[in-house]
Every structure is written in C-alpha cells, then in structure tokens.
Amino acid sequence: MADPTPDAWQRLDAYFAATLVGHDPALDAAVADQNAAGLPAIEVAPVNGKLLNLLARMSRARRVLEIGTLGAYSTIWLARAVPDDGRVVTIEAEPRIAEIARANLSRAGVGDKVEVKVGRGADVLPTLADEEPFDLVFIDADKESNTIYLDWAAKLGHPGTVVVVDNVGRGGRVADPASEEAQVIGTQRGLELLGRDPRFDATALQTLDAKGWDGVAIALVV
Ligand code: DHB
Ligand code: MG
C-alpha cells in the first residue's frame, strides 16, 4: 500500500471525482469565470460539492442557507438539491463577487431558486429571522465569525437542521492550541461551540482532496 503522499492522495481524490462526480459544464464555467475575475480558487472540491448536494437531499432540505457565496460553485450544488418550490439564500459580502455569482447561477439554470444577499453575514443574518426556518446551513465565509454564524444557524434552523462548516482542518493547524492565526482561532472557537452547545450534536472529518488537507464539520440542530 502506498504511503499517503500528496501524489497518492491527489490520485485517489481524482479517481473518486472522476468515478462518482464526473464533469459538469455549468460548474466548470462557474470556476473558470471566478478564476478569470481574479477571485481566490477556494471553492469547495468537487467531491465536497457533491457531499453538500447529497446531504441536502438526504435531509430533504427545501430551504438552504449558505454563508459565503464566492463564485457560487457550492451554491449551484446546493440549488440543484432543493425541490422546485425550494430556495437557497446565499450571503456574499462583496457586491462585485455577488454579480459574478448571479451570472454563474443564471447560466447554471438555478437563478430562480437562489437569492444572493449582499452584505456582511452578521448584518444580513438577523434580517432572515422572520423567514421560514432553514433545513440546511452551509458556513463557508470569514472563519473569524464562525461562532456568530453557528449561533445564527441554530436560531434560523429547527430541530433536524443540518449544519456544515467548511475548512475546519486548515492543513492540520486547527489542532494547534497556540496558533495565533485569526482564521485558525475562529475555527477552533466554532468547533468548541459545536462541542459544548446543547443546541448541536456534531462531528468533523479530515478531507484530503483537490483543495489540499482540510476538514468539514457536520452538525445536527437537536
Ligand atoms: C480559505 C477560505 C475557504 O473558505 C476555503 O475553502 C479555503 C481557504 C481562506 O480564507 O484561506
Ligand atoms: Mg471554504
């Protein structure tokens, strides 16, 4: 058996992606336009996008909330998972990025199912309190605010809501209690909240995929 060198795990991820995820023109085009606009290539890996899609379908999510849109790669995966009368609300802080996301969503044929809200998560989330609760929440924005986002996920969800947090591994650095990296500390605070807050039951898995060594937390609102 090969050691898990970067070569070996990238080959395995590519095999999983080719075998189980496949290629998709709308998703490829969304990533191409995001890159062409000079945005960071930090969309989730294909295997992770498919995981989001499956989790939404497994939980029969009709209303999905995403915090952190970027080029809408994960948003497209989520929008495809909700039924015709479902909705994805996604929050993007930068107006210029939100425009790129809207164009990518339209081209993917899911523009009518998705509402891109422009603003900081902490400002937009309170405005959603009067809406129907969300069945799945995907948190993938500034890691420093993860505890705020998790608190809102619980408030805007219901018992049974699935909460997914991206980037909980960060190359293993999240296990360093002495880290002074703001994104690592924010991620640690979020995981600690998931561990102690009685509103959640959660786990986390390491990921080794096209985006490197990272992790994903999956929680249930109880
Ligand atoms: C970063 C953010 C992400 O959401 C991600 O998936 C990878 C990296 C970052 O801010 O560094
Ligand atoms: Mg991310």
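Guide: Helices and strands here are DSSP runs, a helix having at least four residues and a strand at least two. The model is predicted.

Visitor: How many helices and strands are there in the protein?

Guide: Both kinds of element are counted as such runs, numbered from the N terminus. The count for the protein is 8 helices and 7 strands.

Visitor: What radius of gyration does the protein have, and why does it agree with a compact globule?

Guide: The C-alpha trace spans about 55 × 40 × 30 Å along the principal axes. A compact globule with 222 residues would have a radius of gyration near 17 Å, so the protein agrees with that value, having 17 Å.

Visitor: Where does ligand 1 sit?

Guide: The residues around ligand 1 include Asp 140, Lys 143, Asp 166 and Asn 167. By class, the shell around ligand 1 divides into 1 nonpolar, 2 polar and 4 charged residues. As for its site, ligand 1 sits in the largest pocket.

Visitor: Which side chain has an N or O atom 2.8 Å from an oxygen atom of ligand 1?

Guide: A polar contact needs a pair of N or O atoms within 3.5 Å. Ile 42 places a backbone N or O atom 3.2 Å from a ligand 1 oxygen, and the side chain of Gln 183 has such an atom at 3.1 Å from a ligand oxygen. The side chain at 2.8 Å is that of Arg 170.

How values were computed:
Residues are numbered from 1 along each chain as its sequence is written. Chains are lettered from A and ligands numbered from 1 in the order in which they are written. This is a predicted model: local features need pLDDT of at least 70, side-chain atom pairs count only at pLDDT 80 or more; totals for chains, interfaces and linings use all residues. Side-chain values use heavy atoms; hydrogens and water are left out. A residue is near a molecule or strand if one of its heavy atoms lies within 4 Å of it. A polar contact is a pair of N or O atoms within 3.5 Å; within protein, one must be able to donate a hydrogen and the other to accept it, and residues adjacent in sequence count only if both atoms are side-chain atoms. On a 1 Å grid over the protein atoms alone, a cavity is a set of points where a 1.4 Å probe fits but cannot get out, and a pocket is an open set with protein on both sides within 12 Å along at least five of seven lines; lining residues have an atom within 4 Å of a point. A molecule sits in a cavity or pocket if more than half of its atoms lie within 2 Å of its grid points. Ala, Val, Leu, Ile, Met, Phe, Trp, Tyr, Cys and Pro count as nonpolar, Asp, Glu, Lys and Arg as charged, and the others, Gly among them, as polar. The radius of gyration is taken over C-alpha atoms; the globule rule is 2.2 Å times the number of residues to the power 0.38.
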